[in-house]
Amino acid sequence: MAIWNRKNTETATPLLDARRAGTEPTNAQWQQAAKDNMFLQFTRHSSFYTAKGEIPIITHADGHHFWDQHGKKYFDGISSLFAVNAGHGRHKLAEAAAKQMKELDYFPLWSHAHKPGIELSERLLSYAPKNLTRVFFTTGGGEANETAWKLAKQYFKMQGKPMKHKVLTRSVAYHGTSHGALSMTGIPAMKKAFEPLVPSTFRVPNTNWYRAQDDFATEEEFALWAADRIEEMILFEDPDTVAAFFMEPVQNSGGCFTAPKVYFDRVREICDKYDVLLVADETIDAFGRTGAMFASNLYGFEPDMLVCAKGMTSAYAPLGALLLAEKLFEPFKHGTNIFPHGYTYSGHPVSCAVALANLDIFDEEDLVGNVQRNQAAFKSTLEKLKDLPIVGDVRGIGYFWAVELVKNKETKETFTDKESEKLLHGILSQRMFEEGLFCRSDDRGDPVVQFAPPLTIGPDQFNEIEQILRGALVHAMKHM
Ligand SMILES: Cc1ncc(COP(=O)(O)O)c(C=O)c1O
């Protein structure tokens with residue numbers, strides 16, 4: 001269907017025409033304008049969610065639900081993009097944004113500061129591991145990873161170690177889309193179209209315990225083996241050339257890979273031994289997702305830098321941050337030294353004001369406590385799905401869970417790429433969307449369905465998720 005081709009340039013401005021005529025555009029006009037003018041992100045423009053060949057146009061949202069242009073209601077099982085942690089429709093955040101816009105609409109954090117930025121820096125550090133003492137704002141997670149790598153390179157140059165520039169990251173991990181952040185990403189299929197990327201990034205194993213169980217007696221033993229691969233890679237590459245190791249404490253891509261505390265202790269030990277900076281990418285993990293404000297605290301380790309974004313404002317306004325240890329700021333206290341890096345909208349005052357109001361909601365409603373109290377119930381509800389032959393593993397922590405789908409439960413045989421494509425994109429995503437459940441079907445590693453709902457929900461909603469997913473999986477088993 002050549003649905004995306006502009007066919008009739010005379011009617012190419014349906015929305016403008018309707019507005020000029022003083023009328024509300026119709027649903028059909030919204031569809032046409034979207035199809036004629038937009039280039040969506042990470043989107044297969046040749047196929048659609050809806051059977052009618054329509055783009056799902058989302059019009060409003062409240063709590064853990066959103067609605068499309070036909071008034072159909074959906075359960076937001078993934079906090080839209082692992083981001084709307086406090087849930088939708090928070091008027092308090094809209095009011096904070098409006099108040100800030102009236103007071104100081106915008107000013108850059110270039111040689112100046114503003115009060116929302118100052119207050120948010122203090123607030124973020126109050127939750128963070130105690131060794132982190134400075135905040136560098138960005139507008140999202142990828143930019144903060146990019147910033148961390150650049151800062152690591154400059155820091156080591158200033159330490160008289162100019163060759164320390166390489167970074168290690170974990171397989172299947174996603175760290176963003178700019179050239180640097182994409183280079184760190186461990187998903188070859190995402191990088192292929194953009195190669196050659198920034199040189200000097202190397203992959204080590206992630207902590208996918210489900211796929212390692214047959215080779216190790218305990219998860220701790222496996223985790224220590226995985227951590228030791230970092231030391232091995234540092235030695236392979238020469239410690240004098242390695243600047244940093246980036247990891248998500250709980251890795252999203254591949255499906256919520258957790259690790260026992262011994263892993264983080266060993267990683268810290270290895271990084272210290274070779275003067276390699278440890279960067280925790282908590283773009284998704286932070287702000288309650290794992291049952292703590294920061295997952296680094298949950299696992300009791302101190303990264304040299306910590307990346308966060310998404311849940312900081314519950315996605316009501318774009319904002320990211322790099323939290324860093326004082327030693328990384330130290331060289332910039334002297335003489336004419338500067339870190340020549342930043343973005344126009346880094347630490348936008350409106351975003352900072354929204355973040356502060358969002359963190360107030362976290363405190364007032366004890367959202368992190370809600371996750372801690374309910375995470376076991378979420379886990380056991382999803383684990384009921386293990387009675388289905390297609391469900392191989394249920395893993396995660398907090399309000400961050402993945403259900404891995406397998407072809408053969410006994411042997412853990414996974415689906416081929418073609419089968420996985422049919423299962424996830426051809427059947428499951430569509431079915432769940434039709435059934436009103438928005439979640440993530442992901443095949444960047446083995447096929448998984450992921451949940452990261454707003455932190456406000458409880459056991460009734462876990463049951464609703466389980467029931468809809470169960471129905472969709474039974475349907476998928478029949479049609480595979
Ligand atoms: C772990 C991780 N790092 C980085 C990013 C990139 O963040 P952004 O899209 O805000 O640049 C993401 C996005 O989902 C992520 O999950």
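This is a predicted model: local features need pLDDT of at least 70, side-chain atom pairs count only at pLDDT 80 or more; totals for chains, interfaces and linings use all residues.
Local features are given at pLDDT of at least 70 and side-chain atom pairs at pLDDT 80 or more, while totals for chains, interfaces and linings use all residues. Residue numbers start from 1 along each chain as its sequence is written.

The protein chain falls into two domains, with bounds taken from an automatic or database domain assignment. Domain 1 covers 47–76 + 367–479, and domain 2 covers 93–364. Their C-alpha centres are 27 Å apart. Domain 1 gives 23 residues to the contact and domain 2 gives 16. Contact here requires C-beta atoms, placed from the backbone, within 7 Å. On the domain 1 side, two or more residues each come from helix 14 (367–383), strand 11 (391–397), strand 12 (400–405) and strand 15 (448–451). Helices (H or I, at least four residues) and strands (E, at least two) are DSSP runs numbered from the N terminus. This side of domain 1 has eleven nonpolar, seven polar and five charged residues. Ala, Val, Leu, Ile, Met, Phe, Trp, Tyr, Cys and Pro count as nonpolar; Asp, Glu, Lys and Arg count as charged; the others, Gly among them, count as polar.

Helix 15 (residues 417–434) packs against helix 16 (residues 459–479), with axes that come within 9 Å and cross at roughly 145°. Axes are lines fitted to C-alpha atoms, for helices over the stretch in contact, and angles run from 0 to 180 degrees between N-to-C directions. The crossing is right-handed. Helix 15 contributes Leu 423, Ile 427, Leu 428, Arg 431 and Met 432. From helix 16 come Ile 468, Leu 469, Ala 472, His 475, Ala 476 and His 479. By class, this contact has eight nonpolar, two polar and one charged residues.

Two open sheets were examined. Strands of a sheet pair through backbone hydrogen bonds, either parallel or antiparallel. Pairing is assigned if DSSP finds at least two bridges between two strands. Strand 9 (residues 305–308) and strand 10 (residues 320–325) are antiparallel over four bridges. Val 307 sits opposite Leu 322 in strand 10.

The other sheet has four strands in the order 1-2-3-13, and its pairing is also mixed. Its edges are strand 1 (58–62) and strand 13 (437–438). Strand 1 pairs with strand 2 (residues 65–68) in the antiparallel sense over four bridges. Ala 61 faces Phe 66 in strand 2.

Two backbone features lie in loops. The peptide bond from Glu 195 to Pro 196 is cis, with omega near 0°. Pro 196 is placed between helix 8 (188–191) and strand 6. Cys 256 is not a glycine, yet has a positive phi of about 50°. Its loop runs between strand 7 (242–247) and helix 10 (261–273).

How values were computed
Two residues are in contact if their C-beta atoms, placed from the backbone, lie within 7 Å. A crossing is left-handed if the near helix is turned anticlockwise from the far one by less than a right angle, and right-handed if clockwise.
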